[in-house]
Amino acid sequence: MAGLRPYQEEVVQRALRGENAIIWLPTGGGKTRAAVHVARRHLEVTPGARVAVLVNRIHLVDQHYENEFKTALQDFRLAPISGDSGQKDFFGCMVKDFDVIICTAQILENALVSTEEEKHVELTDFTLLIIDECHHTHKEGVYNKIMARYVEKKLRREEGLPQILGLTASPGTGGSKTIKHAVEHVLKICANLDSVIVSTKNYIPQLKDVVPSPRKEYKIANKRISDPFGDHLKNMMKMVHEFMDVTMIFSAFGTQEYEAEVVNLEKEGAFENRLWAQCAVHLRTYNDALLINDAVRMVDALQVVEDFYASRTATEIDGTDFFLSGLFQENRVELRLLASTVCYENPNLDRLERTLLEQFSKPSKCIIFVKTRLIAHCLLGWVCANVQLQNAKIKAAVLTGAGTGANNMSQVHQKDTIEQFRGDALNLLISTSVGEEGLDIPECNMVVRYGLLTNEIAQQQASGRARAQGSIYAVVAREGGRELQREKLNEYLEELTAKAVAEVQRMEREEPQNYQQKITELQKDAVWCRMLNEQSRQERRHRFGAEQVQLSCRKCFTSVAQGSDMRLIENSHHVNVNPDFKNHYRSGGQVRLERDFEEWEPGRTISCQKCGNVSISSIYQTPLSRATYNQ
């Protein structure tokens with residue numbers, strides 16, 4: 001293994017002394033390489049050493065194993081384990097047989113709570129836990145669930161707990177805008193990880209040479225003078241609101257805040273008001289179309305609405321369904337006409353086009369970060385249809401999160417896309433947040449943030465992707481828009497993060513007793529809050545008996561099962577064991593997934609017998625029977 005750079009040597013010193021530490025280095029600064037060095041020294045000097053490297057995304061398991069740990073620790077026994085691996089079901093056995101386990105945090109969490117001997121482990125089975133992207137260790141995140149057990153054991157003075165090594169490019173401010181509250185946030189991260197936070201002090205110039213800051217440029221688009229397509233959608237939404245006759249106040253149409261409100265409205269309606277529930281589903285689709293219209297082309301926004309209504313079954317149940325479907329059919333022609341009128345097109349696209357043409361006038365690699373998977377695919381369609389961009393030899397693809405939905409990518413597809421970008425097959429990636437954190441993406445000449453409202457952590461991580469010499473970090477935003485305001489705020493919060501970390505480091509260095517007392521207080525408060533929250537959850541869980549719970553189709557509200565029909569398998573799968581359940585649905589086509597599962601296999605699509613609402617069925621393998629599990 002090649003030696004560490006001076007600033008890496010500096011930040012690992014406390015970890016090499018066996019202390020719990022958080023290494024804070026920017027994206028591209030070599031945090032993982034520093035962690036590998038600590039792991040190797042730990043394995044060499046610690047009797048019975050067992051190291052667990054925890055990541056928060058499946059694709060990072062193989063990436064860390066292949067690119068960092070495998071070669072550097074070739075004298076030791078390593079095993080990468082992810083949700084795609086059958087080895088997770090024998091996690092306890094694997095821990096005994098290997099020196100280093102690289103896995104998703106959820107797999108360790110599952111093993112900690114498992115009662116199966118082959119799977120179960122204790123925290124004390126490890127001597128070192130390395131936690132990647134450790135700024136996620138807060139609230140109900142899986143990292144924090146693991147560390148909550150650690151902290152409780154530590155407060156009880158239990159012996160044999162592992163050393164902790166956290167890695168982060170930015171602890172953030174937790175949404176705080178003052179130094180006092182930002183310091184409190186960093187202290188909470190330190191308390192949750194029971195660690196001090198370390199960064200380079202003596203080799204800052206060398207770090208800046210290795211990780212040069214890109215030149216930041218604001219690419220300001222003209223304001224949209226007229227948007228009759230969006231206005232027409234908003235008028236349709238107003239008509240739906242009038243039909244609902246609700247008194248609650250909603251946020252502006254076409255915002256994420258409004259989306260959250262209609263999602264809550266659908267949940268409320270599912271319990272007591274079918275009209276609300278169905279109207280909320282349609283309003284969310286119109287809101288999605290407005291968000292697309294604000295980011296990409298009008299035809300893309302129209303396609304979202306048309307796809308939604310094409311997927312709806314023809315079974316109208318009551319006046320609500322007739323009103324909602326009729327509203328779209330009556331306005332369809334007008335929407336198509338407006339969407340095809342070029343003079344009303346999104347000015348952001350014109351600004352993005354000029355930005356890309358300027359950059360690709362010379363050989364370049366570029367990543368555009370966008371808000372959602374759907375926007376990424378729509379933007380790809382625009383790039384491929386744009387004659388000037390194609391003449392500039394731009395070869396684009398999307399990079400989104402793994403999953404099984406229509407717009408998701410498999411892990412293999414992600415890897416192939418990055419390899420093509422590393423070579424000559426692609427020179428432009430249109431990515432969601434999956435490309436900001438952790439993925440091994442080649443250095444870029446330009447990173448573009450397009451229509452994004454995110455926090456300072458995401459901004460710093462995206463900026464860290466522009467690591468080539470002379471690279472550009474570009475922000476394409478509308479003049480006076482919320483995205484521009486947020487970007488400016490994030491610049492302030494990035495500076496505030498550095499000040500907060502420096503203050504926490506000063507406290508730990510100059511006031512060690514006060515610092516440790518504060519950490520202990522925060523840990524005790526967190527334990528107490530978790531206990532109260534768990535009591536509240538248990539009270540809610542036992543509010544009704546199983547026989548009092550009715551499970552209904554979320555579209556037609558037909559009752560199809562009772563809570564007493566359900567069984568919890570493997571502490572995660574809810575299975576309907578009542579054979580009469582089959583009378584409430586019709587089976588459709590076979591569901592195909594790329595992954596194989598030991599306990600269950602994909603079944604068929606199923607639809608409500610009464611209204612045709614579609615869901616997915618799976619077959620769960622039990623020792624005595626095959627039971628239908630309705631997702």
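Predicted model: local features only at pLDDT ≥ 70, side-chain atom pairs only at ≥ 80, totals over all residues.
Me: Let's start with α7. How many residues does α7 have, and how far does it reach?
Reply: Helix α7 covers residues 179-193, which is 15 residues. From its first C-alpha to its last it reaches 21 Å, close to the 21 Å expected at 1.5 Å a residue.

Me: And which residues in α7 are buried?
Reply: The buried ones are Ala182, Val183, His185, Val186, Leu187, Ile189, Cys190, Ala191, Asn192 and Leu193.

Me: What follows α7?
Reply: Asp194 does, and its phi is positive, near 50°.

Me: OK, at what angle do α7 and α19 cross?
Reply: Roughly 65°, with the axes of α7 and α19 (residues 482-510) coming within 8 Å. The crossing is right-handed.

Me: Which residues make that contact between α7 and α19?
Reply: On the α7 side you have Ile179, Ala182, Val183, Val186, Leu187 and Cys190. α19 brings Leu496, Lys499, Ala500, Val501, Glu503, Val504 and Met507. By class, the contact of α7 with α19 has eleven nonpolar residues, no polar ones and two charged.

Me: Switching topic: are α11 and α13 roughly parallel or roughly perpendicular?
Reply: Roughly parallel, because their axes cross at roughly 20° and angles under 35 degrees count as roughly parallel. Helix α11 is residues 274-295, helix α13 is residues 319-339, and their axes come within 10 Å. This crossing is right-handed.

Me: Which residues of α11 and α13 meet there?
Reply: Arg274, Leu275, Gln278, Cys279, His282 and Tyr286 from α11 meet Thr320, Asp321, Leu324, Leu327 and Phe328 from α13. That contact of α11 with α13 counts six nonpolar, three polar and two charged residues.

Me: How about α6 and α20, what's their angle?
Reply: About 115°, with the axes of α6 (residues 142-155) and α20 (residues 512-541) 10 Å apart. That makes α6 roughly perpendicular to α20. α6 passes α20 in a left-handed crossing.

Me: Which residues make the contact of α6 and α20?
Reply: Asn144, Ala148, Val151, Glu152, Lys154 and Leu155 from α6, plus Gln516, Thr520, Gln523, Lys524, Val527 and Arg530 from α20. They divide into four nonpolar, four polar and four charged.

Me: Last one: where is Thr355 found, and is Thr355 buried or exposed?
Reply: Thr355 is in helix α14, residues 347-359. Thr355 is buried, because its relative accessible area is 2% and buried means under 20%.

Me: What is Thr355 in contact with?
Reply: Leaving aside neighbours within four places in sequence, Thr355 is in contact with Lys219, Met446 and Val476.

How values were computed
Residues numbered from 1 in each chain as written. Heavy atoms only, no water. Axes fitted to C-alpha atoms, helices over the stretch in contact; angles between N-to-C directions. Helix = DSSP H or I, 4+ residues; strand = E, 2+ residues; numbered from the N terminus. Parallel < 35°, antiparallel > 145°, perpendicular 65-115°, else oblique. Left-handed = near helix turned anticlockwise from the far one by under 90°. Contact = heavy atoms within 4.5 Å. Nonpolar A, V, L, I, M, F, W, Y, C, P; charged D, E, K, R; others polar. Expected span 1.5 Å × (residues − 1). Buried < 20%, exposed > 50% of the residue type's maximum accessible area, 1.4 Å probe, protein only.
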